[in-house]
Each structure stands twice: as C-alpha cells, then as structure tokens.
Amino acid sequence: MAGLLKKKKEREGGEIPTASMADIAFLLLIFFLVTTTINVDTGIGMTLPPKLDEDQEPPPVRERNMLKILVNAEGRVLIEDRPSAIPRVREEVKKHTLNEGEDPNYAESMAKAVVSLKTDRQTPYDTYINVIDEIWMAYFEMWDAEARAMGFPDYAAYRDYIDENEEENLIRKKIKAQISIAEPDAG
Amino acid sequence: MSTHFKKKSAKSSPSIPMASMPDIIFMLIIFFMVTTVLRETEIQVRTTLPRAEALTKIDQKRLVSYMYIGPLKLANNQLGDTSIQIDDALIEDLPSVRSIMYRKLLDQPRLIVSLRVDQSSEMGIVIDVQQELREAGTLRINYSSKPEMI
C-alpha cells in the first residue's frame, strides 16, 4: 500500500510543456495579421462640374458632339431620341467617341465627344448606376485598346508605367471621359 | 582568485526564464484588443449598395468622407422615408449638407465624398445632394458600389 502511494506521488510531478506556448501565440497572431483584410472601398469615381455663376452660360457643345442618353422612371433608355436598352449604351458610347467625323450623327473628334446622361427624378438609383457603369466600361475598354496599341498589356499596366502621374497620361488626354450629368426637367 | 571566479559563474543562471513569455504576449494581445476601438459609425439608414463593373478602389482612406442616403431604419424592421446621414447625424434639411461639406473641404482640400446610396432610392434626392455638393465645392465624388456577382 505504501509503495503504491509513493508511485502515485511521483506521477503528479508531470507538467505540460509551456515552452512552445509562445510560438503558438505568435503563430496565431501572424495568422490573423495575414488573413485580416481591411475592407477596401470600391465605387465609381466621378467629378462634378464646378458651380457656374448666375450670368455664366454653360460652355457650348455642338449637337453632334453630344451623345444624349435619357433614362426615364421605368428604367427605359433613349439614346439620341431612339429607344434603346442599357446593354446597348456601351456600344453607342464607343461608336460616338471613336467616330472621328465619319458619321454626321456622332462626334467630330475624340477630344470633343461628350456623353450626356439625363434621368428623371423618379429613376431608380440602381438603373442610373447601371447606365453610368456601362458608360465607364466603354471608356475603360477604349483605354485598354489604346494601351494595347502602345504596346502595354492593358491600361492598368500603362498607368503603372507612368507612375499614376495624370499629367503624363496620354491616353486620358486623347480619350477624355467627358460625362455630363444633366439636371432633370422640373416637374 | 581562481576559486572566487568559479563561484561566480556557478551562481549566475545561464538563460532567461521563458515560462512567462506566453503570459506576456497574451497580456499584450488582450491589452490591444481591449484598447483598440473599431469605431464604425452606426448607420441609421439602409444602404444596400448597387453592383457595378467599372469599379475603382479608393486607397487614400483619409480623404474619404461618407454620406449615406436611403430609407430610415425604424424599430421592428420597418423602413421610413429616404433620409441623408453624414457621419453620425441625420440631415434634416438639404442646405445644411452644403455647410457641413464646405467645412470638411476646408479641413481636407482633396476630399472625396463617397455616396453610399441605397439602390432603391430615387434619383431626385441624389441630384439634389449633388447640387449641394457643387455649391460646397466638393466636386470629387464616388458612387460606392459592390463588385458584380459572377
């Protein structure tokens, strides 16, 4: 009996090794550091036109240089007074911008091309975003094509090449994304 | 002399005790967990963002000021009228957007206003807000939207 008791006492001396605890904690810390992503904001960037003075007229744009897109409250689209659909917007914007004076209904030159978007006050916001998105995608695709012509894989690579210095951005200078958001008619 | 030297070396322990290391690290972790405030403004309007393809990332977070437009969240999951929220406060009248944004622009001249608009909102309020932003001079805006689901 006494011998058994003694044996039990000897076993109690066992300990969990704590030397690796620090490593485990560090590993956990590093794992969470690496996997945590601080959510990045994404969106469609726009620049609003500066406020005009009372007596100042908006700069004149020739009718043919302006591609008029109208979106009504039901989300129906009119491009240059012709009924159209949202997926057609991209194609029309490209045709308009890259026209270079060929078709008298579209723009004279890339520099002069303007896209005007007009909505109703009742137009749902997501319809508006869909149309704006299509217009921007048209420009993105044109910029990509331009960058490929200059020997870059895409526009993003070109931007990396010029160090995102917008002053030197020849593609942006050539194809300006001129989008005008018209105010809806009163009433 | 020789004996004295021997005595000294025998007394000093050769290693730092590592047993308390995990406790120190855990203490540090817990300290930072407790003191870090992940301050997320409580959004009082519903903003289900639209989805879009032509997205750009805003990497300079400190330039961004958020504006929330959407139906007011009421008790028991009901939705109220479309309202505007800037930071913590709901905006009662449109012209105050101008003064708030103008003050923000003075603090940060390269301010980007991120419009987090609910997809079911009507364009009327968005256009009114944009007119106010033009008056304030905050011309760089961003229609916050999520990437398209594939």
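Which strands form the seven-stranded open sheet, and in what order?

1. First, the ground rules. This is a predicted model, where local features need pLDDT of at least 70, side-chain atom pairs count only at pLDDT 80 or more, and totals for chains, interfaces and linings use all residues. Residues are numbered from 1 along each chain as its sequence is written, chains are lettered from A and ligands numbered from 1 in the order in which they are written, and side-chain values use heavy atoms, with hydrogens and water left out.

2. Now the opening question. The seven strands run 2(B)-1(A)-7(B)-6(B)-3(B)-4(B)-5(B), with mixed pairing. Strands and helices here are DSSP runs numbered from the N terminus (strands E, at least two residues; helices H or I, at least four), and two strands pair if DSSP finds at least two bridges between them. Strand 2 and strand 5 (89-91) of chain B sit at the edges with a single partner strand each, so one side of each has no neighbour in the sheet. From one strand to the next, the twist averages 40°.

3. Have a look at where chain A joins in. Strand 1 of chain A (residues 41-47) runs antiparallel to strand 2 of chain B, and three bridges join them. A:Asp41 has B:Ile58 as its bridge partner there. The side chain of A:Asp41 also meets that of B:Arg116 in a salt bridge (3.4 Å, N to O), a pair that crosses from strand 1 of chain A to strand 6 of chain B. The salt bridge rule asks for a side-chain nitrogen of Lys or Arg within 4 Å of a carboxyl oxygen of Asp or Glu.

4. Strand 3 (residues 64-73) and strand 6 of chain B pair in the parallel sense over six bridges. Helix 4 of chain B packs on this sheet, touching strands 3, 4 (79-86), 6 and 7 of chain B, and its direction makes about 170° with that of strand 6 of chain B. Such angles run from 0 to 180 degrees between N-to-C directions, with axes fitted to C-alpha atoms (for helices, over the stretch in contact).

5. On to the interface. Some 46 residues of chain B are in contact with 39 residues of chain A, contact being heavy atoms within 4.5 Å. About 3700 Å² is buried between the chains, 60% of it from carbon and sulfur atoms; that is accessible area (1.4 Å probe) lost on putting the two parts together, summed over both. B:Met123, B:Arg134 and B:Tyr143 supply 20% of the area that chain B buries against chain A, more than any other three residues.

6. For the charged pairs, the count between chain B and chain A is four salt bridges, while over all chains it comes to 16. Another one to check on screen is B:Glu135 with A:Lys51, whose side chains meet in a salt bridge at 3.4 Å, N to O.

7. Chain A has an open sheet of its own, five strands in the order 4-3-2-5-6 with mixed pairing. Its edge strands are strand 4 (82-84) and strand 6 (179-182) of chain A, each pairing on one side only, and the twist averages 25° from one strand to the next. Strand 3 (residues 77-79) and strand 4 of chain A pair antiparallel over three bridges, with A:Ile79 partnered by A:Arg82.
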